[in-house]
Amino acid sequence: MKIGILTSGGDCSGLNAVIRSIGLCITENIRNVEIRGIPDGYGGLIRGESYRLQRKDFEGILHLGGTILGTSRQPFKQMTVVQDGGTRLEKMCENYRKMGLDCLFTLGGAGTHKTAALLCMEGCHVIGLPKTIDNDIYGTDVTFGFQSAVEVATESIDRIRTTAESHGRTMLVEVMGNKAGWLTLHAGLASGADAILLPEIPYEPEKICRLVEQRQKKGRGCTIIAIAEGALPKSEVKLKKEARTFVRADRGESTGTQHLAEILQQQTGVETRVSVLGYLQRGGTPCAYDRLLSSRLGGYAAMLAKEGRFGVTAAVSGNRITFNALADIAGKYKYVDPRGDLVRFGRDMGVCFGD
Amino acid sequence: MKIAVMDISSSALSLIVAEAGKRKTEICLKERVSLSLPHYLEGSRLSERGIEKLVAELCGLRERCAGMGVDVGYLIATAALRNIGNSDDIRNAVLERTGFEINFIDGKTEAYCDFVANRYYASLPQAVLMDIGGKSLEICDLSKKRKNDMLCFDFGLLDLHRKFVRKILPGEEEARDMRKFLKKRFDEAGLPGEDVFSTAVVVGATGMALYEIYADFADVPEEEDHRTIEYDVFKKLVKRLLTGDDRSRLILKHAPEKLYLLVPAAITMKTLFKRFGVEHVVVSESGVKEGYLYLVLHGKEQGICYDFRSGALSEHPFDSAPEKPVRRRRTRRTAVAQQEPASAEGEKETAAEAELPGNGA
């Protein structure tokens with residue numbers, strides 16, 4: 001049996017732990033198996049590159065951040081565009097066959113899963129693994145990489161809080177999450193942020209201003225606002241993505257955070273600063289939870305391959321590891337429910353969601 | 001009174017919620033959750049994971065119903081579940097974990113539900129209705145109104161896929177074999193040939209998904225009021241789905257959960273259109289659920305429902321039937337399709353029609 005592994009899309013903690021777990025479980029449980037690492041995600045598959053992974057390659061990587069295989073972003077929309085006499089999808093399928101693969105593990109987020117479903121439709125045997133710090137993959141309670149990012153974001157907000165308290169400032173901490181606000185919500189609640197602004201709950205800047213003013217009046221010198229990079233004011237909800245990007249680009253910004261900070265400073269008179277956590281959230285060693293989760297997911301996926309169950313992705317449901325059909329989850333996202341338990345819990349504690 | 005009907009098909013769970021008043025019944029919610037059962041099959045049996053997924057999604061729909069203040073809910077299943085090896089285990093698990101009893105409906109009843117829900121198309125000239133499903137095909141001549149006139153084939157798209165397709169999507173040769181098989185089965189069943197029907201009414205979720213792909217392929221404007229298919233363009237689409245570079249993307253974009261079904265569905269529909277000499281194709285939003293709702297409301301179908309008020313199963317949840325027939329809330333897309341037959345035939349009802357429910361869901 002010949003198995004390929006690739007990691008695709010933005011990196012996150014836990015990728016190597018999954019690679020290790022797949023590698024070890026497969027070599028322990030399947031006879032006459034060859035494992036091929038495909039470099040740079042789907043890019044490597046398009047180019048037909050792969051190299052043999054030995055058991056020793058899986059050792060000592062559990063705690064490492066990033067991915068030993070390398071990764072790249074290959075937009076889904078480009079997969080079926082004809083270039084140089086063929087599409088990327090055709091090249092991937094052709095190389096899958098040339099490499100003689102019996103199964104391909106794809107570690108990635110929502111976009112990676114969509115492409116995996118496409119490969120599956122073309123007859124490749126694919127098993128997906130849910131990777132993303134955004135936790136927005138449909139059908140799984142949690143993705144690997146998410147908890148480590150929550151830890152980093154929470155610690156960062158804790159650190160920023162001490163500065164905010166010392167200077168009596170309002171601090172906006174921009175957390176990753178363009179479409180889904182899971183990371184901001186978890187980190188915001190875990191760090192005791194006063195306001196949490198999510199893409200799923202459009203905000204009114206006036207309400208945030210009122211929060212800051214009320215806190216000032218009560219003598220609470222600082223206000224901590226956890227804001228997702230995809231959070232947007234109600235006034236921008238009806239704008240199309242292109243129009244929103246244009247408006248922001250015109251202000252020299254890529255997100256709405258800086259603009260909100262300016263509004264807050266102007267209207268409340270309180271010194272307001274922005275801190276963008278950015279790539280800090282992706283990198284570094286996985287937390288213990290992610291190491292364990294990644295190992296469980298990888299091991300489970302290896303067993304799926306042994307059973308010959310393809311066209312699926314490993315998932316977490318309750319506390320159990322299970323699987324979903326790629327066809328059922330491809331192209332879908334899991335969003336924060338504005339009426340869900342976590343948001344309600346936040347509201348009960350007096351957290352402002354800006355709506 | 002709020003009534004829900006949930007349907008388990010081979011690729012999804014779908015739900016409608018209707019508000020049944022004394023004067024009219026209006027559908028206030030339509031929802032759909034992807035659940036591709038073929039992925040969860042182990043041989044002819046649904047795996048434990050498949051049952052777990054089914055139950056979890058049903059619990060989600062039950063919560064949705066409870067949140068909307070639904071009074072009673074019917075859970076129906078057609079051939080997709082009826083023909084599964086362990087359907088009794090599934091029935092028991094669903095009952096135990098969700099409280100719902102699955103009402104298995106046979107092919108003729110399924111066809112009759114489709115018919116009832118789309119009866120307003122009967123005034124179109126030489127109209128035939130077709131529901132192309134995963135495990136069965138239903139075809140009804142809309143000029144015939146009795147349940148026994150409905151034609152139901154005991155094979156569906158999944159069977160075609162299993163029999164003829166080696167990989168996931170069929171190639172041209174496989175499509176040719178599929179067409180031969182279909183022709184043979186249709187001939188054996190005595191399905192009439194060319195020039196018998198000039199209008200086809202396509203119902204069911206697979207037909208709807210195929211229409212979405214057609215609309216994308218043919219650049220049909222989104223604001224288009226009614227769903228119609230031009231046969232010549234449809235032929236080109238079928239070719240694209242068999243040989244096109246972007247066929248997988250097209251399917252993934254619109255209905256990934258139907259990856260096994262869509263191309264066989266396109267081949268089957270084209271075969272039927274050609275056989276009947278169909279000139280006009282209309283795609284209807286209403287199908288089995290709407291028809292079933294109508295039938296239970298009017299006491300013509302006896303199902304077992306879950307009574308949300310008492311938390312128990314019930315066979316007689318209605319004190320009296322509503323005075324007026326079920327009427328779907330009109331959306332912009334369907335309004336014209338509903339009005340056309342009415343203007344052609346008017347509101348009058350003949351004695352022969354009187355035994356049937358009035359202008360449908």
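Before you click on anything, one definition: buried means under 20% relative accessible area, exposed means over 50%, and partly exposed is in between, using a 1.4 Å probe and protein chains only. What you have open is a predicted model, where local features need pLDDT of at least 70 and side-chain atom pairs count only at pLDDT 80 or more, while totals for chains, interfaces and linings use all residues. Residues are numbered from 1 along each chain as its sequence is written, chains are lettered from A and ligands numbered from 1 in the order in which they are written, and side-chain values use heavy atoms, leaving out hydrogens and water.

**Stop 1: a ring pair between chains**

Select A:Phe323 and B:Tyr40. A:Phe323 is buried, since its relative accessible area is 4%. B:Tyr40 is buried too, with a relative accessibility of 0%. Rings of Phe, Tyr and Trp (its six-membered ring) pair if their centres lie within 6.5 Å; planes under 30 degrees apart count as stacked, over 60 as edge-to-face and the rest as tilted. How are the rings of A:Phe323 and B:Tyr40 arranged? Their centres are 5.5 Å apart and their planes are at 20 degrees, so this pair is stacked.

Now colour by secondary structure. Helices (H or I, at least four residues) and strands (E, at least two) are DSSP runs, numbered from the N terminus. The pair crosses between chains: A:Phe323 sits in strand S11 (residues 320–325) of chain A, and B:Tyr40 in the loop between strand S3 (25–34) and strand S4 (41–42) of chain B.

**Stop 2: chain B as a whole**

Show chain B by itself. Chain B has 13 helices and 16 strands, and of its 361 residues, 59% are buried. Contact here means heavy atoms within 4.5 Å. Among the contacts in chain B with a separation of 6 or more, 72% come from residues 24 or more positions apart.

**Stop 3**

Pick helix H1 (residues 48–67) and helix H3 (residues 87–98) of chain B. Their axes come within 10 Å and cross at roughly 40 degrees. Axes are lines fitted to C-alpha atoms, for helices over the stretch in contact, and angles run from 0 to 180 degrees between N-to-C directions. Angles under 35 degrees count as roughly parallel, over 145 as roughly antiparallel, 65 to 115 as roughly perpendicular and the rest as oblique. H1(B) and H3(B) are therefore oblique to each other.

Which residues of H1(B) and H3(B) meet? On the H1(B) side, look for B:Glu48, B:Ile51, B:Glu52, B:Leu54, B:Val55, B:Leu58, B:Cys59 and B:Arg62; on the H3(B) side, B:Ile90, B:Ala93, B:Val94, B:Arg97 and B:Thr98.

While you're on H3 of chain B, click B:Ser87, which is in that helix. B:Ser87 is buried, at 14% relative accessible area. Not counting residues up to four places away in sequence, B:Ser87 touches B:Leu81, B:Arg82 and B:Phe104.

Next, go to helix H8 (residues 231–243) and helix H9 (residues 247–254) of chain B, where the axes come within 7 Å and cross at roughly 105 degrees. H8(B) and H9(B) are therefore roughly perpendicular to each other. B:Arg240, B:Leu241 and B:Leu242 of H8(B) make the contact with B:Arg247, B:Leu250 and B:Ile251 of H9(B).

**Stop 4: over to chain A**

Select A:Thr184, in helix H6 (residues 182–190) of chain A. Is A:Thr184 buried or exposed? A:Thr184 has 0% relative accessibility, so this residue counts as buried. Leaving aside neighbours within four places in sequence, A:Thr184 has contacts including A:Val175, A:Leu197 and A:Ile227.

A:Pro233 is in the loop between strand S8 (223–228) and helix H8 (241–250) of chain A, and is buried at 9% relative accessibility. Draw a C-alpha to C-alpha line from A:Pro233 to A:Ile201: the two are 32 residues apart in sequence and 8.8 Å apart in space. Beyond four places in sequence, A:Pro233 is in contact with A:Pro202, A:Tyr203 and A:Pro205.

**Stop 5: two positive phi values**

Most residues other than glycine have a negative phi. A:Asn32 has a positive phi, near 50 degrees, and lies in the loop between helix H1 (15–29) and strand S2 (34–37) of chain A. A:Asn32 is exposed, at 72% relative accessibility. For B:Gln126, phi is positive as well, near 45 degrees. You'll find B:Gln126 in the loop between helix H4 (107–117) and strand S8 (127–132) of chain B, partly exposed at 43% relative accessibility.
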